[in-house]
Each structure stands twice: as C-alpha cells, then as structure tokens.
Amino acid sequence: MRKGGEMREEDNEGVVMANDFFWSYTDEPHASRRRQILSQYPQIKELFGPDPFAFFKIAVVVSLQLCTAIILHDAGWLKMLSIAYFFGSFLNHNLFLAIHELSHNLAFSTPVYNRWLGIFANLPIGVPMSITFQKYHLEHHRFQGVDGIDMDVPSCTEAHFVTNTISKAIWVIFQLFFYALRPLFLKPKPPGYWEFINLAIQVALDGILLYFWGWKSFAYLILSTFVGGGMHPMAGHFISEHYVFNPEQETYSYYGPLNLMTWCVGYHNEHHDFPRIPGNKLHKVKEIASEYYEGLDSYKSWSQVIYMYIMDRSIGPFSRMKRKLSKKSA
C-alpha cells in the first residue's frame, strides 16, 4: 500500500497533512484472517448466532429514554442540555449501536424480527435511520474501503475543507450529520417498503410526543442524538475504528470500559473478522485467537482518540484506507 497524493498543510515543525487517501492494492484484511482463524480454531463457529438478551436490553433503554423525555417536557434549557449530554446521549448512542447489532441479525435468527426491533430501537433517536443504515452498513463490511461503495469513508469534499485543528473540531462536533447524509448525496438508494414503515412509525411517535408533552420532550431526544454523536466519548468509535494512525493497519479495536455500554463495538477487528458473532461474545474471539490480535494497534480511550485526531496535524479525513473494486468482490 502507499500513501496517495501530495502533502499539504505544513506547519513550523514540518508536520504535514496528505491530500489523498491511503490506497491499498490488496483485498481488505478480514476475510483472509477469518479463514485462517477458523482453520486453526473451528470452535469459534460455536459463537455464531443471536444474543438472546438483545430484546430485553433494547426495551429497557428505549423505555428509560422515552420516560426521561416525558419527564423533561417542561424543563429549562440548561437542565435539558445537561441531562441530554451526560445521560441521554449515552442511551441514544447505545441504541444507535443496538441498530448496528441488529443490522447483522444478531437479536433473532429470523431477519424480519431484527428489522422490527431495529425500528423499535430507533424511536428515541428521533429520526428514522434503522433500515437505511443496514443497507449501507452491510456494504461497508463487504466492500471495506472500496472507492465509491463504502460510504463510511469521508468524501473528498469533506477532506478538502477539513484541513486544520479548528475545522477538525467542528467536523467532530457535526460528524453524525456527515455520517448520516454522506451516503444520501454520494450513493443514494431508492427507499423501499421498509423505509416507509420506519418513517411512518417514527413520525407517529414524534407526533405523539409533540401532541401530548410538547416540543421540549422531542427536543431532548434530538439533542441526545446530536451531542452523543459529536464531541462525546462514545462517538470516539467513529474515528477509532478505521482512521489510519498506522499506515500498515486499517481497522483498530478499542478495549476500554465503554464497550459495556456500546454492544462491544470496540472489538472492531474481531467484529469485522466475524460479523455473525454478537458483541457480547467478541471478547472470546480475542481470547481464543489471541495471537492474531495482540500484535495489532488498539486503543483504551475513545476520548484520547478524538483528541489525537483533532490535535495531530498529520491526521484528517484523508486518513482512511481506500481500494478499487476487485473482480473477486464485484
């Protein structure tokens, strides 16, 4: 692999930021590692299958967040914002990652049940995204880093505007908007039957909140989603998963305490190697096949990752691995 393009943004200390992505001329690393691990440790297949407690965990978080929104229907702005950042953001980000889990059908063996549960988990987030997320996320796994297909990779427009510490900080604050809107502009997909169901149910819930408890209850949910996806410890996974801090590695795991609240999405190398294993069992993959993961760079703090991304002048939206579509993947 090589670093593409010329370098730019040189400061007084000679630190530079690239004006092109890292380009790889090999396939993504997870399929080959999966085959190697399964040939050596076939018992890992026993970890495949849904999490039997997923529905219960999602129901508790949805209920808690909706009750909080109702309680705050007449709260002041400062109180609402404080609770949204220090409490509601954790709940809504947990639900976003529950939807990630459900996109891999890891709550039920029957895919349609996972879709319905995803729509239910979507309710406190405030805007419909569960069904659409699944469409793009599965492509991210199958075509990791493939130019024009993997919408997890920032656009060139983002990268050309986000070139310094201040613009990177602003980008982090609003990264959820970029994450959500990027595929709609770069690779729009026609909505299907399930998107309209997702939309109708979400609009119904939002309408009920607005009618019976007023706009503050709804605003609390939206604020919880927004702040939880921006300059927030849990949102560090957006950067930690695939932003290249080491040119020889394109996926990174996080082994810190916030895995307990995020469906263990931090075990990201393990997840991409085995997307059919639920988050609560990914640690067992690392335990069984430890020699495949111990030599890889990893993180213990998502907050530190955000800080590194903003302050390191050599890192930016171009710090992602890309590749052309291979005939084997097509």
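Tutor: Start with a definition: a residue is buried under 20% relative accessible area, exposed over 50%, and partly exposed in between. Keep in mind that this is a predicted model. Cysteine 156 has 40% relative accessibility, so it counts as partly exposed. Cysteine 264 has a relative accessible area of 15%, so it is buried. The count of disulfides is zero.

Next, the cores. In soluble globular proteins, nonpolar side chains tend to be buried together. Here the largest nonpolar core has 55 residues. Ile58, Leu95, Phe96, Val172, Tyr220, Ile239 and Tyr309 touch the most other members. Several helices give two or more residues to this core, among them α2, α4, α7 (165-173) and α14 (302-311). The largest share is ten residues, and it comes from α3.

Pick out tyrosine 220. Leave aside its neighbours within four places in sequence. Tyrosine 220 is then in contact with Gln65, Thr68, Ala69, Leu72, Met80, Ile83, Ala84, Phe87 and Gly88.

There is also a second, separate core of 14 residues. Its members include Cys264, along with Ile44, Ala289 and Tyr293.

Helix α4 covers residues 111-122. It reaches 17 Å from its first C-alpha to its last, close to the 16 Å expected. Its buried residues are Asn114, Leu117, Gly118, Ile119, Ala121 and Asn122. What covers them includes α2 (54-71), α3 (77-103), α5 (130-142) and α9 (193-213).

Terms used. Residues numbered from 1 in each chain as written. Predicted model: local features only at pLDDT ≥ 70, side-chain atom pairs only at ≥ 80, totals over all residues. Heavy atoms only, no water. Helix = DSSP H or I, 4+ residues; strand = E, 2+ residues; numbered from the N terminus. Expected span 1.5 Å × (residues − 1). Buried < 20%, exposed > 50% of the residue type's maximum accessible area, 1.4 Å probe, protein only. Contact = heavy atoms within 4.5 Å. Disulfide = S-S within 2.5 Å. Core = buried A, V, L, I, M, F, W, Y, C linked by side-chain atoms within 4.5 Å.
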